[in-house]
Amino acid sequence: MIPHPIASLKAALRAHWLARPDLAAAFGDRIVETLPPGLGLPFLLMGEALCRDEPDGSEVELALWLVRAEEGTAGLLALLAGLELALAESPPASPHHRIVSVRIAEARIDHDPHEGRSEARLRLRAFLETPEE
């Protein structure tokens with residue numbers, strides 16, 4: 001059975017980003033789909049997704065929430081740049097769908113000095129080709 005395009009995309013993104021030593025060192029096992037109690041920082045939460053069927057595949061929009069403990073946003077922006085660079089260098093691979101394009105289409109950055117953390121609300125867009133039956 002072929003997984004849903006959203007499931008394929010999430011798995012491919014997680015593997016793709018954690019294959020980079022810099023991102024693996026920063027995140028460890030904290031690229032997640034749910035927030036377990038006591039999750040350390042930084043983390044990247046893969047949240048709400050929208051999938052539209054297209055003639056040749058599926059267009060997926062995926063919400064991401066990137067959070068890092070820091071004063072200011074420099075470290076957060078460096079992590080974001082690493083995520084974007086990994087996508088620009090090569091597309092993630094999935095055994096079930098061909099990921100034709102993927103990019104971070106929107107980023108909203110905020111810093112909370114009272115909590116001592118910065119966060120980015122991201123919107124990722126991808127197109128996945130439907131496999132031949």
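## Ground rules

Residues are numbered from 1 along each chain as its sequence is written. In this predicted model, local features need pLDDT of at least 70 and side-chain atom pairs count only at pLDDT 80 or more, while totals for chains, interfaces and linings use all residues; side-chain values use heavy atoms, without hydrogens and water.

## Lysine 10

K10 sits in helix α1, residues 5-18. Helices here are DSSP runs of H or I, at least four residues long, and strands are runs of E, at least two. K10 has 12% relative accessibility, so it counts as buried (under 20% relative accessible area, 1.4 Å probe, protein chains only).

Leaving out residues up to four places away in sequence, K10 touches E33, M46, G47 and L62. Contact means heavy atoms within 4.5 Å.

## Two crossing helices

The axes of α1 and helix α3 (residues 74-89) come within 10 Å and cross at roughly 105°. Axes are lines fitted to C-alpha atoms, for helices over the stretch in contact; angles run from 0 to 180 degrees between N-to-C directions. The two helices, α1 and α3, are therefore roughly perpendicular (65 to 115 degrees).

On the α1 side, L13, H16 and W17 take part; they meet L83, A86 and L87 of α3.

## The aromatic pair

The whole structure holds 1 aromatic pair (ring centres within 6.5 Å, using the six-membered ring of Trp). The rings of F43 and W65 have centres 5.3 Å apart and planes at 80°, so the pair is edge-to-face (over 60 degrees).

F43 lies in strand β2 (residues 43-54) and W65 in strand β3 (residues 57-69), 22 residues apart. F43 is buried at 5% relative accessible area. W65 is buried too, at 14%.

Notes:
Buried means under 20% relative accessible area, exposed over 50%, partly exposed in between (1.4 Å probe, protein chains only). Angles under 35 degrees count as roughly parallel, over 145 as roughly antiparallel, 65 to 115 as roughly perpendicular and the rest as oblique. Rings of Phe, Tyr and Trp (its six-membered ring) pair if their centres lie within 6.5 Å; planes under 30 degrees apart count as stacked, over 60 as edge-to-face and the rest as tilted.
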